[in-house]
Amino acid sequence: MSLAFYRAYPERVRALLIIDTGPGFKKDDARDAWNRRAHDTGDRFEREGLAVSEIGQPRTLHRDHRDASGLARAARACWTQRDARVIESLPDIKVPSLVVVGADDTPFLAASDYMAAKIPGAGKVVIPSAGHAVNIDQPQAFIEAVAAVSRRPDARRFE
């Protein structure tokens, strides 16, 4: 969502912190498969409630959510993708960008590498012993990684 926001309103963004995510898909068939998974996850949230651990560990879901209805709607609306505009716009990003991913967030490791390579001057931090909710799994390591980069005198670029 932050990448799509930057694409729509670049003048309103001073920096990007991209956490445990991907840039979307260039190919229609890959995007369609992702969208099917997003809709299936929404259906599972409606059927199974917070027991679904698709987006995080159940302890995280139970602590931060009272019911799964909002998660079901988010899976169908926010996770789905319409086109390749976001992934194709990565080389045009002109603000400092930091990609952060948990070392155990296997589905998003390659996507993080891709974004860090395509966004000019982007930095990348991999947090050990963390999954898809890196800021929750390892909050202190996450804070330290972000703070270390933001304190650098050359923070315009995160290389």
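Is Thr80 buried or exposed? Thr80 is buried, with a relative accessible area of 13%; buried here is under 20%, exposed is over 50%, and partly exposed is what falls in between (1.4 Å probe, protein chains only).

## Ground rules

This is a predicted model, where local features need pLDDT of at least 70 and side-chain atom pairs count only at pLDDT 80 or more, while totals for chains, interfaces and linings use all residues. Residues are numbered from 1 along each chain as its sequence is written, and side-chain values use heavy atoms, with hydrogens and water left out.

## Around Thr80

Thr80 sits in the loop between helix H4 (69-77) and helix H5 (85-89). Helices (H or I, at least four residues) and strands (E, at least two) are DSSP runs, numbered from the N terminus. Once neighbours within four places in sequence are set aside, Thr80 is in contact (heavy atoms within 4.5 Å) with Asn35, Ala38, His39 and Ala75. His39 is 41 residues away along the chain, and its C-alpha atom is 7.9 Å from that of Thr80.

## The chain as a whole

The protein chain has eight helices and three strands, running α-β-α-α-α-α-β-α-β-α-α from the N terminus on. Of its 159 residues, 38% count as buried. Among contacts between residues at least 6 apart in sequence, 71% join residues at least 24 apart. The chain exposes about 9300 Å², with carbon and sulfur atoms supplying 52% of that; the areas come from the Shrake-Rupley method with a 1.4 Å probe, and for residues only the protein chains shown count as cover.

## The sheet and its helix

The three strands make an open, parallel sheet in the order S1-S2-S3. Strand S1 (16-19) and strand S3 (123-127) are at the edges with a single partner strand each, so one side of each has no neighbour in the sheet. From one strand to the next the twist averages 20°. Strands count as paired if DSSP finds at least two bridges between them; S2 (residues 97-102) and S3 are joined by five. Leu98 stands opposite Gly123 in S3.

Helix H6 (residues 106-118) lies across S1, S2 and S3, at about 165° to S2. Axes are lines fitted to C-alpha atoms, for helices over the stretch in contact, and angles run from 0 to 180 degrees between N-to-C directions.

Asp20, in the loop between S1 and helix H2 (28-48), has a positive phi of about 45° although it is not a glycine. Asp20 counts as buried at 6% relative accessibility. Ser129, in the loop between S3 and helix H7 (134-137), is also not a glycine, yet has a positive phi of about 55°. Ser129 is exposed, with a relative accessible area of 53%.

## Nonpolar cores

A nonpolar core is a set of buried Ala, Val, Leu, Ile, Met, Phe, Trp, Tyr and Cys residues joined through side-chain atoms within 4.5 Å. The largest has 15 residues, and Ile93 and Met115 are among those with the most contacts inside it. Helix H1 (2-8), S1 and H6 each supply at least two residues of this core. Apart from it lies another core of nine residues, including Leu98, Ala130, Val134 and Val149.
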